[in-house]
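Open the model in your viewer and keep the selection panel at hand.

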Amino acid sequence: MESRPARSGLNQPMTPALALLALVTLPQLLAVPDIGMDSGGGGGGTPRPGPQVLLVRTPGMRAVQEVTEAFSEGCRVQFQQISMGDSPNDLARARELAQSARLLVAVGQPALELLVGARAHIVYALAPDPPSGAIGTNTSAPPVQVFRALQQLRPKTHRILAISSERGHHRVMAARGAARSLGMELIDVSVTGGDTAIRALRELFLPTPEELARAGGPPSAGQVDAIWLGADPQLINMQVLQFVLRLQIQRSVPVIAATRQQVYFGAMMAVDWPPEAVGRHLAWQVNQLLHDPGHMELVARDHPSGTPEIVVNAHAARRLGIQLERARHHAGWKVIDR
Amino acid sequence: MNDPRADAGPSAVPQEGVQAATEPPAPTGHPNKSDSSPTEPEQRTPAPDLSTGPAPAASAAPSTPAAPAGLASGADSAEPTAVDAASDGHPAVPAVPPEDDPAAAGSVGVEKTTPSAGTGTRQTSSGRTAAVGAEPAQTTSSAPSASSKDPGAAVSTSSRQPVVRPDSLSVRDTLPLAQPQGLASRLRDRSTLDIADETGESPLAAFLSPASLLEQSGEVSGWGSLLMRQRSSFFRQVFLWLLAISLLMSVGSGAIYYSRQLTFVQEDREQRAELLLGYLATQSELGAFAGDRVLLEGPVRRMADLQDVIYVAVYDGSGRELIKTGTRSGQPQPDPSPGLINELLRRARQETEVVQPRRGDLFLQSVSRLRHQVQNDKLNCLDLYAPIVISERGTAGVTAFLYPSDRSGHDRVVGVARVGLSLASANDRLNEVARWGAGLGLLLLVLGATAAYFIAGRISVPILELARGADEIRNGNLHPRIHVNRSDELGMLAESFTRMAERLRETMSALSRLNRDLESEVKRRTRQIRLAYAFTSVLNSPIDRSDEVIDAADLTVMLDQALAALVEATGTKGGGVFLVDDNNPDGELLVRAASGVSTHTLGPAPSLRTFLDQRPKNPDGSPVALTEAVQVVGRRLLVPLVFRNHPLGLLVLMLSSEEMPEPALVEFMRQAAAQLAIAVSNARAYTRVTQLASELRQRNEALAAQRDQVRAQRDQLAEQRNQLEEQRNQLAAQSIQLRIQRNQLREVNRLKSEFLANVSHELRTPLNAIMGYSELIHDQIYGPISVDAQDAIAGVLASSANLLRLINQILDLSRIEAGRMEVYFERLDLHALCTAVIREAEAMGRDRPYRVQLNCPHDLFVQTDSVKLQQILTNLIANAIKFTSQGAVVVEAYDGDARDDSVYISVKDTGIGIRAEHLELIFEEFRQVDGSSTRRYGGTGLGLAIARRLAEMLGATLTVESTFGVGSTFTIRLPRTPPLRNAHRSRGREGDSNPALSMSDPDIPRLLLAAGAADMSLADAAMRHHTPLPLPNPRTANSPQGSSILHNDPTPVPTHATDEPSAPSPPVNPTTSTKGI
């Protein structure tokens, strides 16, 4: 059980420690004039040299919009919001405001990369590859929850192929133990990028006779029960995802994606937190940092509270012969059937 | 010279024809040449086509073997027939060209001989016959026999028409009407060519001739067939035009069809190339991105299996060949040009970096923009290249989490796709299209030619028939025979032609009748106009006598003459004019003129009122206008003479019969009567005007006399005005003089007052000392004195007292005149005042046998100065006592009437009285009636003057009524309330001792002038001009106007001093006189 801030908006019980913390910090919170009760979406207020909180978001994506809206509802201070458009003026203005802001909030990987290097603290969301030491909210669920959900959907899954680049290799290594704890084997294929990933997958799943002869045995891909796509920005791109989904169709290998957006795109399943939860957790982190900047460890938790959702593409599942009748009625499951 | 095109100059056609017509003897060209030259430009087009057929006929030409074959057919028409350029109205020209003059057979000879052959033949059957046939002597049957070479022409010229010699006829003689050069004439011009075609035995020409068709169909026959044959060039022209149009349409449609198909094939090939390249690039995206040949095998194989694809190849992003196929023929795929792949990659990367393609359009834009193609003639294919571009942004959902760290570009070029697209199928299709286009064009041409043949026949034959009918009509044959058995528009046109001819006949007949009627009508109207002119001249004749006075005799003469002209113009037996008597408008009509008949024949004078009452009625029941009231009674035509709706009389004409006159005659008579009425009215008006002019002249003379009188009066008035002006100037000068005198008097008066005041003061001071010491002596203060001394001293005292009183009075008078006398108004009991004054004055009359009586009510109050009033009353009572030795002195005070808010106080005595002429003297200073009174009664002569001045200060008036020897009555009229202006008057008098001149100086002459001009008094003038007139000065009261003393007593006025008080007063008629102040 995790603690919740007083204004987190979640209907969950407050722990005694958190309550004590709230009692201690509440007077200070009220004594800070800058953190008034005029929370809201970035309008009004007395003019200042720079915004107290600057939110920069990646444009044109629904998940970013939903996270931003949830953040607006939970954030207790006035903040300024800039959407990174295609115009260079937006980027220049964002950089200019970032220099004078007290706290920076980045929603989306491009926004995070834009703000890297600023003097103020950066709090991120929807960024799969944050810089080390950054504070933010991760969307993807821990590997053990992912593998458990896969096991629930397909109990006979034992061998999971994980493709990783150098940048995401540590995650695969960390997930290997989780898979083993569930009686599964995680096969790691290290590649350097998207093109090598495609070639590696093709050689695994679609080998030529020459390649078979050279390997001296049946294709190893025949023993793979699923492909796990980690949140590896160096590796995953449109072509890799397209090829993996092609393998899912041609070889009947389910694809476990990193986010629900990839499930919308065609992957069989993913386990992650909904954007609303991400936005609320992001707002809680910002509130805490503004209240007590000296105790950043209090907000170092990178996952939203609660359990993540298991998002399943019903169309893909049916093609793979997976029954979803029970899953439709389980709490925390979200079946996409369209 | 042998080239027919050289002879066919279109510009030379009309000019040469005219020139040839004006030079009859000149040779007119070679007949062969004449046939070869069309007269119209458009004829040149079909001529070569037709000339190709009858080439053998050219050999039949008697001369000019070098002439074109097509032109040789006209050789038969080159006979020297009479040529008159009929259609142009030119004189006949001998058409015999010298054979040794080939130059003459050029452009000139063509136009002269070509129409001659045809028109000469034609005109013998139409126009020439109509014009010349009536004079056979001028025609000749010896036509040149050269026409016998032409069977057709020979038949027409020899059997039907004589040939007119050119020298026997002129244009004017043979062609009374100019012949228009229309379609028919132009068609006739083609006849030579037609005949030449027939004689040339051209199969096509013979086939194209509608004459044969018409003959076969039976529509025309006989000479009509011959005419059709001669005029079939029109058919040929129509046919050739339609054929040319058909050919043009067929060729054009074939070309358009082929062009469109070629475009379609090219566009299809472009689309096919883009499609193939796009498909290959899309399918090769993963393979190119991964650099995996195995992933490319599938799409490359599928692409290579397509029928029109010769070879396929894919290159990676570095230009390395990933996969390629051989050609279909088993040959190896040709290598691309060196550096081409790298160049394409470079261009594609530049495009993706510079131009940001929109998401979703990337594929199509890259293929269409960056596609490159090269024609490979060896393999008969297109060598197509296109870049393989992948999007690294991808779908939104993916990008949200998986945005690559490399943000150098959104799109990436990962390779190049190459396709060899065969052109064989496209070429085969184009060949097929060409074949179909040619066949279609040929088919259209055949169909068009067939349709043109029939359409030309359908059009030309009826038109030629109509042209023939038109020729007949033009030549005077109004019964043309037009055989057009059609139900379409041409048939309707033919029927219209026939109806037009019938209508023309009717019109001509009607025109003849109308012409005859018109001539007779013109004659009749001319006579009427002439007579009417004479009638009008007669009516106007009196007006011309401008200087003479017209009289009744002149009017009668005018009426006689006008009536005579009218009778002659109308052809009646006679007539008369009855007019109303000027002196008796309601009386019977009087005969004023008669013509042709006696007054007895005219009958009794009709009653104008009866005649007008019996005038006809309008349809609505109202009587017709007076001018319309024309009646026929027996043989008499009665026409009223009305001028401006006023009946003047009647015009009576004796008709030759009792029949009703023609309406034209009635209308003419009505108008003549109107003119006659105007003339009568004018004559009468002229007479009246003459009389009025005479009267006016007399009145003008009288007015001139009056004007002279007025002018004289005006001069007199001007003189009087000048006199008045002089008087006014004199008055102004007098006014100035008076003002100067007034100022002088004012200054003198002031000096006098000052002198009196000073003298009085200087006198009274020692007098007081004298009186004081005298009184001390008389009272024996200084010791006892004798009785005589006391008497003497008493005398001194009495004299001093008198002197002191005199001095005081002088001082009072001086004070009053100097304006230093103050007035204090208060409420005063008049009875008490009078009682006090009487009591004080009784001391003076202790020696009198009477006592002063007082009649005053106790409640009589007045607002005045008590001291001044007391002083006035004291003076008056003292005077009354002084001059009344016996009798009584009565003081009476009483109210005025209701209109007069004043109080009157009168002092009445029975003293010596005052003469009337002395009444004004008693109020002047230092004046008494005479000096003796002063000596007798004492006094200074200032008492009444002071009393008057004081009364004026109080706003009162002091008047006196006296009868010499009887007594006097002084009356004070005292206002009950003092007037406010009193003080002003006192002050005014202080500043202006002469109130008569108190007006402003400019007012006086103005009032004087106004009074003099209006003969009124000065007071009236002042009232009229709102100028206040000053009160009269008492000093001027002795003037006749200012004096109010009326005294009829002629006896001299005794003075108080001289009249004895005890002496009985002489009996006089007491006359009351009033002295107004």
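Predicted model: local features only at pLDDT ≥ 70, side-chain atom pairs only at ≥ 80, totals over all residues.

Residues are numbered from 1 along each chain as its sequence is written, chains are lettered from A and ligands numbered from 1 in the order in which they are written, and side-chain values use heavy atoms, with hydrogens and water left out.

**Chain A, coloured by pLDDT**

pLDDT is the predictor's confidence in each residue, from 0 to 100. Chain A averages 78, and 79% of its residues score at least 70. Select residues 1-14 of chain A: pLDDT stays under 50 there. The model gives this stretch 23 contacts (heavy atoms within 4.5 Å) beyond four places in sequence. Now take residues 22-48 of chain A, where pLDDT is also below 50. That stretch has 28 contacts beyond near neighbours in sequence.

**B:S246**

Go to helix 15 of chain B, residues 233-283, and pick B:S246. Helices are DSSP runs (H or I, at least four residues), numbered from the N terminus. Is B:S246 buried or exposed? Its relative accessibility is 9%, so B:S246 counts as buried (under 20% relative accessible area, 1.4 Å probe, protein chains only). Leaving out residues up to four places away in sequence, B:S246 touches B:L444, B:L445, B:G448 and B:A449. Show the B:L444 backbone oxygen: a polar atom of the B:S246 side chain lies 3.5 Å from it.

**Helices 26 and 27 of chain B**

Select residues 663-778 (helix 26) and 787-818 (helix 27) of chain B. Their axes, lines fitted to C-alpha atoms over the stretch in contact, come within 8 Å and cross at roughly 155°. Helix 26 and helix 27 of chain B are therefore roughly antiparallel to each other (angles over 145 degrees, on a scale from 0 to 180 between N-to-C directions).

Definitions and conventions: Helix = DSSP H or I, 4+ residues; strand = E, 2+ residues; numbered from the N terminus. Buried < 20%, exposed > 50% of the residue type's maximum accessible area, 1.4 Å probe, protein only. Polar contact = N/O pair within 3.5 Å; in protein donor to acceptor, adjacent residues only side chain to side chain. Parallel < 35°, antiparallel > 145°, perpendicular 65-115°, else oblique.
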